[in-house]
Amino acid sequence: MLNNSVNAVEVLEMARDIEKRGRDFYLEHASNTGDKNLAALFNKLADDEKDHYERFGELLNKLQSEIKEEAVYVYEPEVSAYLRSLVEFSVFPEGDSVEIKSIETALSFAIRAEKDSILFYQELLIYNSGESAGVIKELIKEEKKHLLTLLEYRNKIK
């Protein structure tokens, strides 16, 4: 299980959980808003989160094929629950706890979520080296791309 560091498989599983929670969050808000523009924005953000989830899944599959049985323990129920608890409230809250009624609010929330993701991964990076650090750096790079996209979109609508 986790001690002072996490391995690359653990990092990728946490990253996928963050992306899945983000996608679910945006889809829920897209279906609950009456504003077509806001729904379109939420759906685009959900698609972006799905793309990240799939990208991290590709990295995970590649890594798993290289390490074989070494990280199987990550999928044990107790370990899986522990990893989920680490990210449960780190970036995306439960859908009903945040009320978003405008595109500006949605963008601000999404930008903050991306920044929180980057900070989360940077904190993990401090305690890791080697292969795990390389994976974490890749995750940070992906999140920064998403953040820049959101900032550009926000600047377009101002």
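Buried stands for a relative accessible area under 20%, exposed for over 50%, and partly exposed for anything in between, using a 1.4 Å probe and protein chains only.

Before going further, please note that this is a predicted model, in which local features need pLDDT of at least 70 and side-chain atom pairs count only at pLDDT 80 or more, while totals for chains, interfaces and linings use all residues. Residues are numbered from 1 along each chain as its sequence is written, and side-chain values use heavy atoms, leaving out hydrogens and water.

Of the 158 residues in the chain, 44% are buried. Among contacts between residues at least 6 apart in sequence, 79% join residues at least 24 apart, where a contact means heavy atoms within 4.5 Å.

How do two of these helices meet? The axes of α1 (residues 8-32) and α5 (residues 130-157) come within 8 Å and cross at roughly 20°. That makes α1 roughly parallel to α5, a label for angles under 35 degrees. Axes are lines fitted to C-alpha atoms, over the stretch in contact for helices, and angles run from 0 to 180 degrees between N-to-C directions. On the α1 side, the contact is made by Ala 8, Val 11, Leu 12, Ala 15 and Glu 19, and on the α5 side by Glu 131, Ser 132, Val 135, Ile 136, Leu 139 and Glu 143. These residues divide into seven nonpolar, one polar and three charged.

Now for the charged pairs. The whole structure holds six salt bridges, each being a side-chain nitrogen of Lys or Arg within 4 Å of a carboxyl oxygen of Asp or Glu. Here are some of them:

| Salt bridge | Closest N and O atoms |
|---|---|
| Asp 24 with Lys 20 | 2.9 Å |
| Glu 142 with Arg 55 | 3.6 Å |
| Glu 142 with Lys 145 | 3.9 Å |

Asp 24 and Lys 20 both belong to helix α1, four residues apart, or about one turn of the helix. Asp 24 is partly exposed at 34% relative accessible area, and Lys 20 is partly exposed at 43%.

Glu 142 takes part in a salt bridge with Arg 55. That pair links distant parts of the chain, with Glu 142 in helix α5 and Arg 55 in helix α2 (residues 36-67), 87 residues apart. Is Glu 142 buried or exposed? Glu 142 is buried, with a relative accessible area of 9%, while Arg 55 is partly exposed at 27%.

Glu 142 also forms a salt bridge with Lys 145. Glu 142 and Lys 145 are three residues apart in helix α5, so about one helical turn separates them. Salt bridges with shared partners join Arg 55, Glu 138, Glu 142 and Lys 145 into one network.

Terms used:
Helix = DSSP H or I, 4+ residues; strand = E, 2+ residues; numbered from the N terminus. Parallel < 35°, antiparallel > 145°, perpendicular 65-115°, else oblique. Nonpolar A, V, L, I, M, F, W, Y, C, P; charged D, E, K, R; others polar.
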